[in-house]
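This briefing looks at the spaces inside one protein and at the surroundings of its ligand. Keep the sequence and the structure in view while reading the points below.

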Amino acid sequence: MILKKKIEEALKNVFIIDNKNIIESGFVKKIDFLNQKIIIYLNLSNPTMHFKKKLIKDINHSIKNKNILYPICIKIEMKSNTKIKKTIIKNIIAVASGKGGVGKSTIATNIAVSLVLMGFNVGLLDADIYGPSIPLMFNIEDENIQTIIHKNGIMNPIIRYGVKILSIGFFIKNGQAIVWRGPMVTKVLRQFMHETDWGELDFLIVDLPPGTGDIHLSLLQEISFKGIILVSTSQKIALSDVNRAVGMFRIKSIYVPILGIIENMSYFLTKESKDKCYLFGIDGVKNFSKKMDIFFLGKIPFLQKIRENSDLGIPVVLENENIKNIFIKITKNIITKLP
Ligand code: ADP
């Protein structure tokens, strides 16, 4: 006991911030004596390597000065004393597809912005590890992401067009492929959900990777989604993949309600004729929705303007009244389907 008191006295001579010693500052969690060794447990938030080294040196020095000659072991534990302001997310909705390239991210983007236009507080989480395209669609690729999202160890979403955005794409340089293993991805996504200052959100839209896989399963277990929105074209191949996704969302142990399905790239108009051209087939998605008892949320035409705006990084609903109306209608349908 006398030894412990002596060690405490020694630690009172170690100062780091605000002229307070590390005992006063509450950094010393526990002092133990094990196998003729002094063990000091420290609780710190996000110490830098330099900071840790200096601290260890100062502690050793101060203890030696008190003529305590036992070896010292210093264990530093991280604590998150950087409290996140209370995050309240009312509705978490995932956008999913069976196949890549059917317009899932385009739709997630424009639904998020439509919700903003309707007056809601909205977040968008890009969890598509295979092709995170949200930074491109919001023209935020060149932001100095590292400094923005690592404030105090907590992620601060980037706000663009009124949407709070986090993307797995922020963690990779342009053009780099993601070769992370499942557990790593899950860890980052967990951070996106729980260590991010989302503030108060009416909606958080999550852009899932296409298909069905480990990432989906862990996300479905981790996050309490209010529902899923499916996106598909009317092509048979796309629908057969969506069918598998439906199967996954309806597995009893991870069940999430499917709010409905959107048919994208439904038709296009050619210059020569006023007739609609159904490139991927007519009513494939509608028939599928009936068969699977899924609500048909609406169809979005194949339009050059939609593609151009995606590439420009300006969500098309901000620039084209007709397309905006299509998205607002679909978004209203989604809201009516929320449990
Ligand atoms: P996914 O997320 O399913 O992989 P994206 O949203 O990235 O698909 O879309 C793939 C490409 O198709 C993008 O270049 C996008 O601009 C374009 N696109 C998506 N929907 C439409 C549409 N309705 N009309 C025209 N181009 C579209």
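An oxygen atom of the ligand lies 2.8 Å from a polar backbone atom of Ser105. This distance, like every other value here, is computed from a predicted model.

**Contacts with the ligand**

- The backbone also takes part at Val102, where a polar backbone atom is 3.1 Å from an oxygen atom of the ligand.
- At Thr106 the side chain is involved: one of its polar atoms lies 2.5 Å from an oxygen atom of the ligand.
- The ligand taken alone exposes 560 Å², and the protein buries 83% of that.
- Helix H3 (104-117) and helix H10 (304-312) are the elements that give two or more residues to the shell around the ligand.

**The shell around the ligand**

- There are 18 residues around the ligand, and those that come nearest are Gly101, Lys104, Ser105, Thr106 and Pro301.
- By class, the shell divides into eight nonpolar, eight polar and two charged residues.

**The largest cavity**

- The largest cavity holds about 50 Å³ of space.
- Its lining includes Thr106, Thr109 and Asn110, together with Met137.
- Ile306, Asn309, Ser310, Ile314, Pro315 and Val316 also line the largest cavity.
- Helices H3 and H10 are the elements that give two or more residues to this lining.
- Five nonpolar and five polar residues make up the lining of the largest cavity, with no charged residues.

**The second largest cavity**

- The volume of the second largest cavity is about 30 Å³.
- Residues that line the second largest cavity include Ile93, Ile111, Leu115, Phe203 and Ile205.
- Ile229, Thr331, Ile334 and Ile335 are also in the lining of the second largest cavity.
- The elements giving two or more residues to this lining are H3, strand E10 (200-207) and helix H11 (321-337).
- H11 supplies the largest share, three residues.
- The lining of the second largest cavity has eight nonpolar residues, one polar residue and no charged residues.

Terms used
Residues are numbered from 1 along each chain as its sequence is written. This is a predicted model: local features need pLDDT of at least 70, side-chain atom pairs count only at pLDDT 80 or more; totals for chains, interfaces and linings use all residues. Side-chain values use heavy atoms; hydrogens and water are left out. On a 1 Å grid over the protein atoms alone, a cavity is a set of points where a 1.4 Å probe fits but cannot get out, and a pocket is an open set with protein on both sides within 12 Å along at least five of seven lines; lining residues have an atom within 4 Å of a point. Grid points are joined across faces, edges and corners, and a volume is the space filled by probe spheres set on the points. Helices (H or I, at least four residues) and strands (E, at least two) are DSSP runs, numbered from the N terminus. Ala, Val, Leu, Ile, Met, Phe, Trp, Tyr, Cys and Pro count as nonpolar, Asp, Glu, Lys and Arg as charged, and the others, Gly among them, as polar. A residue is near a molecule or strand if one of its heavy atoms lies within 4 Å of it. A polar contact is a pair of N or O atoms within 3.5 Å; within protein, one must be able to donate a hydrogen and the other to accept it, and residues adjacent in sequence count only if both atoms are side-chain atoms. Accessible areas come from the Shrake-Rupley method with a 1.4 Å probe; for residues, only the protein chains shown count as cover.
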